[in-house]
Amino acid sequence: MFSGLFNSKPVLDSGSSEWILDTFAWALEHFELNVFKADTQLILPSNEFYPGKVSSIGEMAQSVFDKTLIYAGMQHWPVQLVQPQHYQQHNLPQLSFAGAVRGAGSAPVIAGDINTEQKILISYNPNQINQPQDLIASYAQSLSAVLILQQGHLPPGGQEFMPQAVDLVACFMGFGVMLANTAYQFKGGCGSCYNPRANREVALPEQEMLYCLALFSVLKAIPAKTVLGQLKAHLKGTFKKAYKELAQKVKHSPNPALLAAVG
């Protein structure tokens, strides 16, 4: 009668956890497994990853963007940061890939006229300048969306799950700490200490985002304590539970992409 009394309840329902595992495997298959294994880091909101002093909002936005682009493995993409006042919606130019999609060896070009000066334009929310984790997470989401759209491979579940896949791929590229720390959107505030316009767009809520981060950490063999020191206090318990759960799931996974990421 006591057989299930002390069993730990899973962090997520089976459908959500399986979608995250399947979608991570999809990302590994389409967005450079070798780059994930050899080059992808756990990016932290620290001076180690985002050093330097700047003298203006524009300089800060550009500096953070340039480093985020490198960490995403998209430093050779024809992507340009545009000041918000100059940004206009435009059709995304199609890229042509001669080799790798991401990483130091990638060299994508705009398809068609090789002399075109057309760029993929990305901007930022100036309200996030004083909330750098939101800024970094938003940049990572923008780059993730561009990456997915350029490759043209729909995630598990199809078009309906594109927003969630964008968040997951941003975590897959190394930005899970910032995504987890900014997933909760506080709706109240005292005015001077809260700016709702600085919040980033969220598709995966905290629990799911922490699960993605835990999966990334398990696959990259990053100790849980390394991540825990960077998470907001209320996230630590869920992350530890997800990390422990996923260490077992990955070990016994029948998915070859997940196993290849570990091996």
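Which strand and which helix each supply at least two residues of the lining of the largest pocket? Strand 4 (120–122) and helix 4 (132–151) do so, in a predicted model where local features need pLDDT of at least 70, side-chain atom pairs count only at pLDDT 80 or more, and totals for chains, interfaces and linings use all residues. Residues are numbered from 1 along each chain as its sequence is written, and side-chain values use heavy atoms, without hydrogens and water. Helices (H or I, at least four residues) and strands (E, at least two) are DSSP runs, numbered from the N terminus.

The volume of the largest pocket is about 460 Å³. A pocket is an open set of points on a 1 Å grid over the protein atoms alone, where a 1.4 Å probe fits, with protein on both sides within 12 Å along at least five of seven lines; lining residues have an atom within 4 Å of a point. Ile 122, Ser 123, Ser 138, Gln 141 and Ser 142 are the closest to the pocket's centre among the 24 lining residues. Helix 4 gives the most to this lining, with 8 residues.

Helix 6 (residues 206–219) has 14 residues and spans 20 Å from first to last C-alpha, close to the 20 Å expected at 1.5 Å a residue, taken as 1.5 Å times one less than the number of residues. Ala 221, which follows helix 6, has a positive phi near 55°.

Glu 29 lies in helix 1 (residues 14–30). Glu 29 counts as exposed (over 50%) because its relative accessibility is 55%.

Methods
Buried means under 20% relative accessible area, exposed over 50%, partly exposed in between (1.4 Å probe, protein chains only). Grid points are joined across faces, edges and corners, and a volume is the space filled by probe spheres set on the points.
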